[in-house]
Amino acid sequence: MADTERIPIPVYGMTCQHCVKRVTEALEALPGVTQADVDLDAEQAVVTHSGTITRDDLAAAVAEAGYEVPAAA
């Protein structure tokens, strides 16, 4: 079994639990993602994956769902 990694990313634009569900589903649809914990109040998702997922992959999935991941500082 491959090692897993957790990647925290900020997610802006969520206003309700429906938004949380959309972001969760978008992230968990990516190959290799085993879990996405999305926190509305913290405006953050923590993604657990076993694969070659990058922050850019995660940001693209969030953007496709209609939300924003700010550029890394």
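Is Ala61 buried or exposed? Select Ala61 and find out: at 11% relative accessibility, this residue counts as buried. (Buried means under 20% relative accessible area, exposed over 50%, and partly exposed in between, using a 1.4 Å probe and protein chains only.)

Before you click further, some ground rules. What you have open is a predicted model, where local features need pLDDT of at least 70 and side-chain atom pairs count only at pLDDT 80 or more, while totals for chains, interfaces and linings use all residues. Residues are numbered from 1 along each chain as its sequence is written, and side-chain values use heavy atoms, with hydrogens and water left out.

**Stop 1: around Ala61**

Stay on Ala61, which sits in helix α2. (Helices are DSSP runs of H or I with at least four residues, strands are runs of E with at least two, and both are numbered from the N terminus.) Show its neighbours: leaving aside residues up to four places away in sequence, Ala61 touches Ala26, Leu27 and Leu30. Touching, or contact, means heavy atoms within 4.5 Å.

**Stop 2**

Now colour α1 (residues 17-28) and α2 (residues 55-64). Two packed helices are described by the angle between their axes and the distance between the axes. Here the axes come within 9 Å and cross at roughly 135°. Those axes are lines fitted to C-alpha atoms, for helices over the stretch in contact, with angles running from 0 to 180 degrees between N-to-C directions. α1 and α2 are therefore oblique to each other; under 35 degrees would be roughly parallel, over 145 roughly antiparallel, 65 to 115 roughly perpendicular, and the rest is oblique.

Which residues meet where the helices pack? Select Val23, Ala26 and Leu27 in α1, then Leu58, Ala61 and Val62 in α2, and you have both sides of the contact.

**Stop 3**

Next, pick Glu25 and Lys21. They form a salt bridge, with the closest N and O atoms 3.9 Å apart. (The cut-off: a side-chain nitrogen of Lys or Arg within 4 Å of a carboxyl oxygen of Asp or Glu.) The structure holds one such bridge. Both residues lie in α1, four residues apart, about one turn of the helix. Glu25 is partly exposed, at 46% relative accessibility.

Slide along to Gln17, also in helix α1. Gln17 is exposed, with a relative accessible area of 56%. Its C-alpha is 9.7 Å from that of Val38, 21 residues apart along the chain.

**Stop 2**

A search of the whole structure finds zero disulfides. Cys16 is partly exposed at 31%, whereas Cys19 counts as buried at 7%.

**Stop 3: Tyr67**

Jump to the segment after α2 and select Tyr67. Tyr67 counts as buried, at 12% relative accessibility. Not counting residues up to four places away in sequence, its contacts include Val11, Tyr12, Gly13, Met14 and Cys19. The C-alpha atoms of Tyr67 and Met14 are separated by 6.9 Å, although they are 53 residues apart along the chain.

**Last stop: Glu43**

Finish in the loop between β2 (33-39) and β3 (44-49), where you'll find Glu43. Most residues other than glycine have a negative phi. Check the backbone of Glu43, though: phi is near 50°, a positive value. Glu43 counts as partly exposed, at 35% relative accessibility.

Notes
Disulfide = S-S within 2.5 Å.
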